[in-house]
Amino acid sequence: MARRSVLAAVATVVLLASCDDIVGPPRPDPDLAGTTVEVAATWSGTERENFQAVLDAFAARTGATVRYTAGGNDLPVLLNSRIASGSPPDVALVPQPGVVAALAGRGALVPLSGRTADAVTANYNDAWQRLGAVGGTRYGFYFKVANKSVIWYRTESFRAAGVAPPATWDDLRVVSRALVRSGTTPMVAAGGDGWVLTDWFENAFLRIGGPEKYDRLARHEIPWTDPAVVETLTLLGAYWRTPRTILGGPAGAPQITFAQSIADVFGATPRAAMLFEGDFVAADITRLGRSRVGETAKVFPWPSIKDSAPAVVVAGDQAVQLKDTPGARAVMTFLASPEAAALIVGKGGFISANAKFDQRAYPDPTTRAMAAAVVDARVLRFDLSDLTPQRFGGGSNAALWVLLQEFLAKGLDARVVAQRLEDAAKKVYGIG
């Protein structure tokens with residue numbers, strides 16, 4: 001699939017508000033009493049709790065029993081195992097387009113049809129529909145999308161240090177030094193979850209290498225030893241290794257998980273002032289109950305590097321059907337509806353690609369602004385690690401995850417890590 005043209009078009013269509021209803025009279029929900037439907041996704045913690053509200057609403061409408069299975073970071077491994085054993089879940093929400101394409105190629109997915117296809121056609125813009133296609137056949141749709149180019153900060157910490165949100169990378173370094181002088185650790189780098197570090201890399205590389213190199217690296221059309229990769233690693237390493245800049249230092253940061261990092265900034269005992277990750281952090285901030293999104297917890301866009309244009313790295317969870325059963329079809333149809341989007345959007349930490357739900361359902365101006373940034377970005381690209389083969393970029397044992405964790409923890413030279421990434425990529429892509 002020609003991802004470059006499709007992804008560029010996404011920026012013009014994401015989250016366009018509409019009050020139109022699905023064409024035609026409403027059809028009754030199917031009676032699924034006595035039916036059990038299994039839905040698998042990566043989500044845990046607050047994200048799982050919020051998604052459960054959607055599944056509960058589906059169960060109430062249809063009488064079905066819905067079982068949720070959390071696959072975590074290794075959802076593709078779970079799906080492959082379950083498919084091999086002949087017992088896949090009915091529906092899965094998969095964050096990696098490459099995994100969806102691979103499953104479709106194996107004949108493991110059911111193409112969209114009937115009421116589900118009608119709902120996707122009515123509720124999703126053309127570019128998002130194309131993103132759910134493999135080889136011209138629609139297999140899924142993006143139930144959730146994410147703006148992964150924001151940095152969260154505690155307003156109290158910034159006020160105490162006398163600093164404002166930085167606009168450039170140099171400004172970020174200045175702000176970080178001021179926070180240190182005020183007695184506050186500037187940043188949490190949650191190295192315990194490798195995907196967080198891939199997001200650091202992707203945002204910096206998109207601004208250093210530019211969108212064309214980003215696309216080419218995702219397809220391994222340029223090597224991971226490219227000078228822009230080395231420059232990106234060098235920039236990140238210099239920031240992470242600056243004394244007292246990241247919580248725990250380079251040695252301690254790999255012990256901090258994503259969930260813990262949010263508590264370290266916005267919990268009962270704050271230990272740092274800033275946290276890099278996407279809009280979905282808002283849900284955990286709300287759950288912790290110590291800060292209010294948009295008031296004491298705010299965001300600023302990922303800083304410009306060397307006068308780079310505004311850019312956004314996005315990700316998304318694509319709903320796909322693995323069983324051709326009435327229950328599976330009904331879940332897919334419901335997830336494609338404006339009602340399902342509104343149920344979860346209102347809980348925070350969630351951006352929808354559904355064009356038919358009322359954007360006033362977003363719980364606060366900060367989340368609405370992060371959603372709008374996806375539309376307004378001059379440069380927008382899908383999460384690079386999710387575009388690469390799973391063994392390279394998509395799991396806890398994937399080369400990109402592991403090598404970035406080692407780079408953070410061990411202070412390795414950027415050129416050494418770049419060469420190791422290229423060696424791993426060659427094996428995965430079958431080169432040499």
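Mentor: Let's start with a definition: buried means under 20% relative accessible area, exposed means over 50%, and partly exposed lies in between, with a 1.4 Å probe and protein chains only. This is a predicted model, where local features need pLDDT of at least 70 and side-chain atom pairs count only at pLDDT 80 or more, while totals for chains, interfaces and linings use all residues. Residues are numbered from 1 along each chain as its sequence is written, and side-chain values use heavy atoms, leaving out hydrogens and water.

Trainee: Why is the contact of arginine 360 with aspartate 358 called a salt bridge?

Mentor: A salt bridge is a side-chain nitrogen of Lys or Arg within 4 Å of a carboxyl oxygen of Asp or Glu. Here the closest N and O atoms are 2.5 Å apart, so the pair qualifies. The whole structure holds 18 salt bridges.

Trainee: What makes aspartate 215 and arginine 381 a salt bridge, and where do they sit?

Mentor: Their closest N and O atoms are 2.8 Å apart. Aspartate 215 is in helix α9 and arginine 381 in strand β12 (residues 379-382), 166 residues apart, so the pair links distant parts of the chain. Helices (H or I, at least four residues) and strands (E, at least two) are DSSP runs, numbered from the N terminus.

Trainee: How do you know whether these two are buried or exposed?

Mentor: Aspartate 215 has a relative accessible area of 6%, so it is buried. Arginine 381, at 10%, is buried too.

Trainee: Why are α19 and α20 called roughly antiparallel?

Mentor: The axes of α19 (residues 399-410) and α20 (residues 414-429) come within 10 Å and cross at roughly 165 degrees. Axes are lines fitted to C-alpha atoms, for helices over the stretch in contact, with angles from 0 to 180 degrees between N-to-C directions. Under 35 degrees counts as roughly parallel, over 145 as roughly antiparallel, 65 to 115 as roughly perpendicular and the rest as oblique. The two helices are therefore roughly antiparallel.

Trainee: Which residues of α19 and α20 meet?

Mentor: With contact meaning heavy atoms within 4.5 Å, Leu403 and Phe407 are among those in α19, and Val417 and Leu421 among those in α20.
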